[in-house]
Amino acid sequence: MQDRLLRTTIDLCYRAHPFYRGRMHEAGLTPGDIGGVDDLANFPLTYKREFLNDPEAFRLEPLSELPLEARVLREVMYTTGTTTGQPAPLYTTTFDYYAYAIQAARAARVLGMGDSDVIANVFPLTPFPMGAYLRAQATAAAIGASMILAHPGRPSEALDIHRGLDEVVRLIERQHATVIWGVASFVRRILLRAEDIGADFTAVRMCLVTGESISGAMKDDMRRHLVALGSAHGRIVNRYGSTEGTTLIECEGGAGWHNPSPEQIFMETVDVETGERLEGGAPGLLLITHLMRRGTVLLRYALGDVVELDTGPCPGCRQTVDRVVAQPIRTKDLIKIKGTLVNLEALKAALDGMDGLQEYQIIVTKQQADDPFSPDQLVVRAAGSPPQAELERRIAEVAMNLVQIRPVVEVVRPDDIFNPMTDSKPERLVDRRPALGE
Ligand SMILES: [Zn+2]
């Protein structure tokens, strides 16, 4: 089935996908060369930066032979991390939306969610629609569940519609939500705040968290808070997903993240250095190939994570779908902060060129240094000639424009960042967050 669907996708891309049409011509490939997923091993990789630099080239042209639903644009979601700071659009046709509903229903069944659930969608309401926010809605629709849209997030300057943390907590309580679904650090803040103000969360049976890789220790910590709030089950489910690909789900803790729709997404791993396909589950760069999409289509696309894949029966549910069985490791240049993929290279480039700025260092850390589960925080240490307030204002403005995160700016002496007498080179980017898997 994957082979058949891939052949159709390759044929469409050859004729109507600006990026892959060019790439296949360059490589001297024709659709006849790709008979199935085995032959994909000879197809060039697509790196994230290639998509981010020209997302329009990855949108399939609406060939008149395709059914109407495969030509109509239904929604646009955005991924972040472009060199310009401008998020990249992913185009979803009606056909893609229908296909997502099928995989969402399948994933929900594995997680035990259904039409009696009341799901609180606590993903932020952002200027660029997030994939996770839209897909949570599509999931509720697919399974017939109720959904509350809590709409936290950075307030709009012009239109006051975002809800604060306490309002979100009270909404979950009043609506007797059974599932809370959002970015892990924010869901944790909700649980802590609910304890502080004595909210009744006894109806909450599960939290679905995504957007950042969380350790087993953080999961345990969240589970304790949920149980302390009177939740009978106290279940924390960690999802592993990407806007460009799909969401992988665990049937039970530790069983690995299952691909809910192998007919829609083909997964493989390759050697990070050589790009050669790996067999047998060795850790490698995860690639995804869309087998059924008609809007934005990606082939052998490197998400930027190093994972281990297993195609044997799951020890939990016995399914033989492919699973990511070890905590994914992020690659260096694009990193997730507060659940959003951020390209710190762009910020570095802007700071490198800032007038009067002598030294700087970008630090990704936790809001409370002694609390490894507190939200991520971006800190820019800076030294330069402009007055402190001006330096703070300019750096904050640049960071907001490029990575949409307000940093804490610390003004220091140049030698505090880079002392040429003692340091061989300045360290521009420091990730102080606890290592994965701890
Ligand atoms: Zn399983």
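A: A crossing is called left-handed if the near helix is turned anticlockwise from the far one by less than a right angle, and right-handed if clockwise. In this predicted model, H9 passes H10 in a right-handed crossing.

Q: What else describes the packing of H9 and H10, and which residues make the contact?

A: Two packed helices are described by the angle between their axes and the distance between the axes. Here the axes of H9 (residues 344-352) and H10 (residues 388-403) cross at roughly 145° and come within 9 Å. H9 contributes Ala 346, Leu 347, Ala 350 and Leu 351 to the contact, and H10 contributes Val 398, Ala 399, Leu 402 and Val 403. By class, 8 residues of this contact are nonpolar, with no polar and no charged ones.

Q: How many residues has the largest nonpolar core?

A: In soluble globular proteins, nonpolar side chains tend to be buried together. The largest core in this model has 88 residues, and Ile 180 is among those with the most contacts inside it. Helix H4 (residues 94-111) supplies the largest share of this core, 7 residues. Apart from this core lies another, of 21 residues, including Leu 402 and Val 403.

Q: What is the strand order in the open sheet of 5 strands?

A: Strands of a sheet pair through backbone hydrogen bonds, either parallel or antiparallel. The order here is S9-S10-S11-S17-S16, with antiparallel pairing. Strands S9 (240-241) and S16 (309-310) are the edges, each pairing on one side only. Between S11 (residues 257-258) and S17 (residues 323-324) there are 2 bridges; His 258 has Arg 323 of S17 as its bridge partner.

Technical notes: Residues are numbered from 1 along each chain as its sequence is written. This is a predicted model: local features need pLDDT of at least 70, side-chain atom pairs count only at pLDDT 80 or more; totals for chains, interfaces and linings use all residues. Axes are lines fitted to C-alpha atoms, for helices over the stretch in contact, and angles run from 0 to 180 degrees between N-to-C directions. Helices (H or I, at least four residues) and strands (E, at least two) are DSSP runs, numbered from the N terminus. Two residues are in contact if their C-beta atoms, placed from the backbone, lie within 7 Å. Ala, Val, Leu, Ile, Met, Phe, Trp, Tyr, Cys and Pro count as nonpolar, Asp, Glu, Lys and Arg as charged, and the others, Gly among them, as polar. A nonpolar core is a set of buried Ala, Val, Leu, Ile, Met, Phe, Trp, Tyr and Cys residues joined through C-beta atoms within 7 Å. A residue is buried if 20 or more other C-beta atoms lie within 10 Å of its own, exposed if 12 or fewer, and partly exposed in between; C-beta atoms are placed from the backbone. Two strands pair if DSSP finds at least two bridges between them.
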